[in-house]
Amino acid sequence: MLSLSATSLILFVACSIGLEQREVATNRQRRTTGCGQAPSITPGDFQNLTTPDGRIYRVWLPSNYDSDKATPLILSYHGANRDISHQVALDELTDPFFNKDHIVVYLQGNADNPDRPEHTEWEGAPDCKSNDIKFTSDVLDAVSGELCVDEKRVYATGKSQGGGFVGRLACDSGLSTRIAAFAPVSGAYYIKEIDKESDCHPGTVEVPCNAGRSNTPIMAFHGGADHTIEYHGDFRSNACLPDVSSWAWQWALRDDLSGTPVNNTIPKSDNGVAINYGGGLVTLLYDGDNIGHDWPSTKENEDNDGLRLAAFNASTWIMEFFRGHRLP
C-alpha cells in the first residue's frame, strides 16, 4: 500500500505534468477572441465580407472547423487584373486535396485608375495608391474577432503582383511579426523607388525591407520562361525588378544565412531546382526552363492552359512549408 506522502507526491507530479502540458499547448498556440463563438460562416463554405473602409474579402472555413480549437489561417492575394474568384480557382487551397484544416482568406485588390476599371493591383506596384498593409491588418483583426484563429500560425501567399505584395508583407515592420511564413508565386517584386532604367541593375539592386523580425521563412516560386516578370529581373512599368535569385539571397542574408545554398534537382522537371538556404528556411523554387508566369501545377489551370504542366504542385509545397513554421 502506498503511504500518504507517496500518494500525495504522485498527485502532485500528475498535476504538475498536467499544468506543464497545458502550458506547452498554450505556448504553441495563441488563441483569438473569436474562440468559443459560433461562426456566421458555415464550415466548408465561403462568405464575402467587407471592411469598414469598403474593402472586400472572402473567407473559407474548412469543413472540420471547431470554434473551440485555434485554427491556422492563410491569406491569399490574386494577381494584377484578377479577382478573388480567379485566385480561388488558381491556388486551390480550398480543395481538401491540398488543405483540410486551414482557414483561407482571399483579399480583393483595388482598381485605382478610373481609366482602367479592371486593372486591380496591390500596394507596391508602380501605379497603386491603395493602403493594402492597413487592409490586411484590418482583415486579420476582423477575422480573428469572429473566428478561432491560431495567431502563431498565420501565413501569406499570392500570385504575381499579389506575390510581390506578400514579399512586401514580409518586409513590413508590423505585419512581418503577425505572419509566420510567406510563399510568393511568380512574384512581381517592384522597386518603384528606382524609376529610371539606367539606375536599374537587377542582379545587384538592394530590395528595400524593414522586417520586424529575423529568421523569416520564405518559399518563392519562379519559372525560367516567365516573360511577364523575368526571372533575371527587368525594368518594367517604370520600376526596377530584381533578379529573383538575388531577391532570395537577400532574404537569406536578412536571416543570417550566409552559407552556400544547397541545390536539389526537382524530379521530372525541365532543369528545375530547389535552392535552399539554412535547411530550407529560405527556399527558391526555380520551377523549370519551360514554366512561364504560372502557378505551378501538374494539371491544367488558368495560367498554364494545359500547355506548361509543372513537375509539382506549388500548393502542395506551400502547405507543407506552412505546416513547418509558426511564430515563436
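Keep in mind that the model is predicted.

Ten strands build an open sheet with mixed pairing, and their order is 1-2-4-3-5-6-7-12-11-10. At the edges stand strand 1 and strand 10 (262-265), each with a single partner strand, so one side of each has no neighbour in the sheet. On average, neighbouring strands here are turned by 20° against each other, direction ignored.

Now for some of the pairings. Strand 1 runs antiparallel to strand 2, with five bridges between them. Within that part of the sheet, Thr-50 has Ile-56 in strand 2 as its bridge partner. Strand 2 also pairs with strand 4 in the antiparallel sense, this time over four bridges, and Val-59 sits opposite Val-105 of strand 4. Strand 3 and strand 4, by contrast, run parallel and are joined by five bridges; here Tyr-77 stands opposite Leu-107 in strand 4.

What about helix 3? Helix 3 lies across strand 2, strand 3, strand 4 (103-107) and strand 5, and runs at about 40° to strand 2.

**Strand 4 and the cores**

How many of the residues of strand 4 are buried? Five of its five are, so to speak, under cover.

The largest nonpolar core has 55 residues, and Leu-75 and Val-105 are the ones that touch the most other members. Setting aside neighbours within four places in sequence, the contacts of Val-105 include Tyr-57, Arg-58 and Val-59, then Leu-73, Ile-74, Leu-75 and Ser-76, plus Val-139 and Val-143. There is also a second, separate core of 26 residues, with Val-88, Val-104, Ala-314 and Leu-327 among them. As a rule, nonpolar side chains in soluble globular proteins tend to be buried together.

**A buried serine**

Ser-76 belongs to strand 3 (residues 71-77). Is Ser-76 buried or exposed? With a relative accessible area of 1%, Ser-76 is buried, because the cut-off for that label is under 20%. Its side chain makes a polar contact of 3.0 Å with the side chain of Gln-87. Not counting residues up to four places away in sequence, Ser-76 touches Gln-87 and Asp-91, Val-105, Tyr-106 and Leu-107, and Thr-157.

**Salt bridges**

Side chains of opposite charge can pair when their charged atoms come close. A search of the whole structure turns up nine salt bridges. Here are some of them:

| Pair | Closest N to O distance |
|---|---|
| Lys-134 and Asp-138 | 2.7 Å |
| Lys-159 and Asp-303 | 2.9 Å |

Lys-134 is partly exposed at 38% relative accessible area, whereas Asp-53 counts as exposed at 53%.

Where does Asp-138 lie relative to Lys-134? Both are in helix 3, four residues apart, about one turn of the helix. Asp-138 counts as partly exposed, its relative accessibility being 23%. Put together, Asp-53, Lys-134 and Asp-138 are linked in a network of salt bridges.

That leaves Lys-159, which forms a salt bridge with Asp-303. This pair links distant parts of the chain, 144 residues apart: Lys-159 is in strand 5 (residues 149-159) and Asp-303 is in the loop between strand 12 (282-286) and helix 6 (314-323). Both Lys-159 and Asp-303 are buried.

Definitions and conventions:
Residues are numbered from 1 along each chain as its sequence is written. This is a predicted model: local features need pLDDT of at least 70, side-chain atom pairs count only at pLDDT 80 or more; totals for chains, interfaces and linings use all residues. Side-chain values use heavy atoms; hydrogens and water are left out. A salt bridge is a side-chain nitrogen of Lys or Arg within 4 Å of a carboxyl oxygen of Asp or Glu. Buried means under 20% relative accessible area, exposed over 50%, partly exposed in between (1.4 Å probe, protein chains only). Helices (H or I, at least four residues) and strands (E, at least two) are DSSP runs, numbered from the N terminus. A polar contact is a pair of N or O atoms within 3.5 Å; within protein, one must be able to donate a hydrogen and the other to accept it, and residues adjacent in sequence count only if both atoms are side-chain atoms. Contact means heavy atoms within 4.5 Å. Two strands pair if DSSP finds at least two bridges between them. Axes are lines fitted to C-alpha atoms, for helices over the stretch in contact, and angles run from 0 to 180 degrees between N-to-C directions. A nonpolar core is a set of buried Ala, Val, Leu, Ile, Met, Phe, Trp, Tyr and Cys residues joined through side-chain atoms within 4.5 Å.
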